[in-house]
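Here's a quick walk through some local packing and pairing. Have the viewer open and follow along.

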Amino acid sequence: MIELNPAFWISHEEKNVLHGVYDGRAVSVATDGAAPIELLVDLHWRNRPIGAADIFGVLKTARANIFERLLGVGTAESAMAGRNDRILVEICHIMCGAPRHCAAAAAECRDRVVQEALVKLMIHWAQHVGTWRAIAELISGEAIERLWPLPSTSALQLAMEELGAKNPLAYAATAQLFATPGVEAASDALEFALCSLASNRRAVRTEIVAWSRSIRSAETSYASVDELRAAGHPYAGDLLRLASERLAPTLWPDLCQCCDELRIIDDHLSMFVSGVETFYAERSEPWPRLRIDWLRQ
Amino acid sequence: MNATTALASTDRRQSTPVPSADVLFPEIRPATQIGDRELARFGTILEIDPPTAWPMVARLVQVADGTTSLAVLADALATDPQELVELCLQLEQHGFLWLTPPQGPIPIPLFQAEFRRWVRHWVDQIFSHPIWDEILDGQASPAVLVGWSIEQMHYTRTVIEHMTHAARLAGETPEGRTLLRHLSQEWDHYLLFLRGCASVGIGDSRIRDAVPLSSTRVVTTFMRQRAVSDPLVYNACEALLEGTTEHTDSVVAFFRAAQKRYDYPATFIDPMVNHVKVDESFEHIDIFDHLLSLRDSLPRGQVADILGTCAEFADLLTLWHGDIARFYSSKPAPFVREQRRAILLGDAS
């Protein structure tokens, strides 16, 4: 008997065929043993001692899958027709919340080096909160403190805080969702997705491009630390690679647990997108959605 | 529910002395709607009688923002201060304004009445999802109510993950003892749902190992965060949850109608009905009131925190119900979300 690599994302199943995503690519695989299952299943992966490369390999794939989900937000314009402004503001809420879940991860991380990388990343993200505040205000005309996130946005934020506190390794795999400094592929992809959503808003696009330029700069990145640079990227490095080396679990079920945790974030990203549709289209929430003063009219 | 109340000029508080207009700063509460000679809020419609009083009431509503005393307002409105005090006392009694010193604490009886108004509003919101009507009409998949029961099982099983924190943080206090008692009564309620699921063919070990929806987990996360931040706010959220089963008769009638419509076995529906009745017999709905009774008043900031947090929680529960409906609607009944860690593909030897 063999087991499916847990990083394989099953999109749907038919008799003897699995359809899913592996390493960012859509794949369909027959399960009768004759199909090229080596694409998604390493027949020996469970028999080897677990190592940092295994952890990085599995979680990198899981990361690619959820990153695809996030980028899908930017390309789902037809489904989101007329609601790009709303989803951009929800993304601003999420980006402003990034330092909080990073702080939760840093607080609970047992490894001092990763802990320091996390707290620097938190500070880096906190330094860029101004960008997201500005974008939210440009779009809605309201300060972000007055805007009330959709429940689906709050749920994603809560899930990230829980992940950070419970599983810093799995959390490290999600960091690129919020653009980690120095990883150009992540910032480029996010810049493209966000600019697509802001295609009719020049001032917003200017903010996004400026943000993308600044976070890739090694000189200005607060999160650039030696250990991270040594871990694979010329500037800030890959937090997941560093975490894979330093927080390596010794048991395969622990690694599987990481994948399960990442699937939860994937679910929440899906809800994040559908939430905009549900609350603004079906439930006709007022726009912009403002916080209520619970004591005063 | 619409309640209509006529505001009569002869209506007075009989037993309490009328406070001075100098120390009262009226503040109109949120969600007050101004109509044509009437005010409305959460189903209470206040008709102004006599109609000649309406212009003054309408102006009062516009300017009562908690920063100006009634004495000053009476001057501005060219009316007798004591008459204005009496009018405002009635508006306060019907839940349209606060009448306290500036930034003063909110007396517990006023807060309790206000909290109940909001809870009724939020419970309506939570159950506004069309899936509940679809279940009654037979339009929904039979998997939905089974799925709802499965997710309720998952959530109630995690009471241990949050109520424990709230009880621990409350310490050796009357609140702490109340929370421990609540925990001792609540921690095993998931077994009721477990039994119900077993009767539709979902075995004990299968459901215990099943994976909750991510939206179910996030409800637990929300409660965990509140449990460690403020036990009173946490218990307000608990009260909101219990409020969803406050009208026992209508909830039981819903379950029985669903049983008949989908031919669910009685052994599936009975545990859900029992859960509602057990909560009622334990008087869980009153726990928050009991905790409030240990105080005279609440600071305004804490009132705002309680109401804001419960509103967020109501939103989250609305999202949760929608996600349960969406996920299970497309599944055959009964459907269990299995762990996907180990998918056996065949013999590779």
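## Two helices crossing in chain B

Start with helix H1 (residues 54-63) of chain B and helix H2 (residues 70-77) of chain B: their axes come within 11 Å and cross at roughly 130 degrees. Keep in mind that this is a predicted model. Angles over 145 degrees would count as roughly antiparallel and 65 to 115 as roughly perpendicular, so H1(B) and H2(B) end up oblique to each other. The crossing of H1(B) and H2(B) is right-handed.

Which residues of H1(B) meet H2(B)? On the H1(B) side they are B:Met56, B:Arg59, B:Leu60 and B:Val63, and they meet B:Leu73, B:Ala76 and B:Leu77 in H2(B). As a reminder, an α-helix has 3.6 residues a turn, so residues three or four places apart point the same way.

Helix H16 (residues 300-329) of chain B has 30 residues, which at 1.5 Å a residue should span 44 Å. The C-alpha atoms at its ends sit 43 Å apart, in agreement with that figure. Is H16(B) mostly enclosed or left open? Of its 30 residues, 23 are buried, so the rest of the structure largely encloses H16(B).

Helix H11 (residues 214-229) of chain B packs against H16(B) at an angle of about 165 degrees, the axes being 9 Å apart. That makes the two helices roughly antiparallel, and H11(B) passes H16(B) in a left-handed crossing. From H11(B), the contact uses B:Ser215, B:Thr216, B:Val218, B:Val219, B:Phe222, B:Met223 and B:Arg226. From H16(B), it uses B:Thr309, B:Glu312, B:Phe313, B:Leu316, B:Leu317, B:Trp320 and B:Asp323.

## Back-to-back hairpins

Now for some strands. In chain B, strand S3 (residues 33-34) and strand S4 (residues 38-41) pair in the antiparallel sense over two bridges, with B:Gln33 bridged to B:Ala40 in S4(B). Three residues lie between S3(B) and S4(B) in this hairpin, and B:Arg37 in the turn has a positive phi of about 65 degrees.

S4(B) also pairs with strand S5 (residues 44-48) of chain B, antiparallel and over four bridges. Here B:Arg41 stands opposite B:Thr44 in S5(B). The hairpin of S4(B) and S5(B) has two residues between the strands, and B:Phe42 takes a positive phi near 45 degrees.

## A loop residue in chain A

Over in chain A, A:Asn167 is in the loop between helix H5 (151-166) and helix H6 (168-174). Its relative accessibility is 11%, so A:Asn167 counts as buried. Setting aside neighbours within four places in sequence, A:Asn167 is in contact with A:Gln257, A:Cys258 and A:Glu261.

Note on methods. Residues numbered from 1 in each chain as written. Chains lettered and ligands numbered in written order. Predicted model: local features only at pLDDT ≥ 70, side-chain atom pairs only at ≥ 80, totals over all residues. Heavy atoms only, no water. Pairing = 2+ DSSP bridges. Expected span 1.5 Å × (residues − 1). Buried < 20%, exposed > 50% of the residue type's maximum accessible area, 1.4 Å probe, protein only. Axes fitted to C-alpha atoms, helices over the stretch in contact; angles between N-to-C directions. Parallel < 35°, antiparallel > 145°, perpendicular 65-115°, else oblique. Left-handed = near helix turned anticlockwise from the far one by under 90°. Contact = heavy atoms within 4.5 Å.
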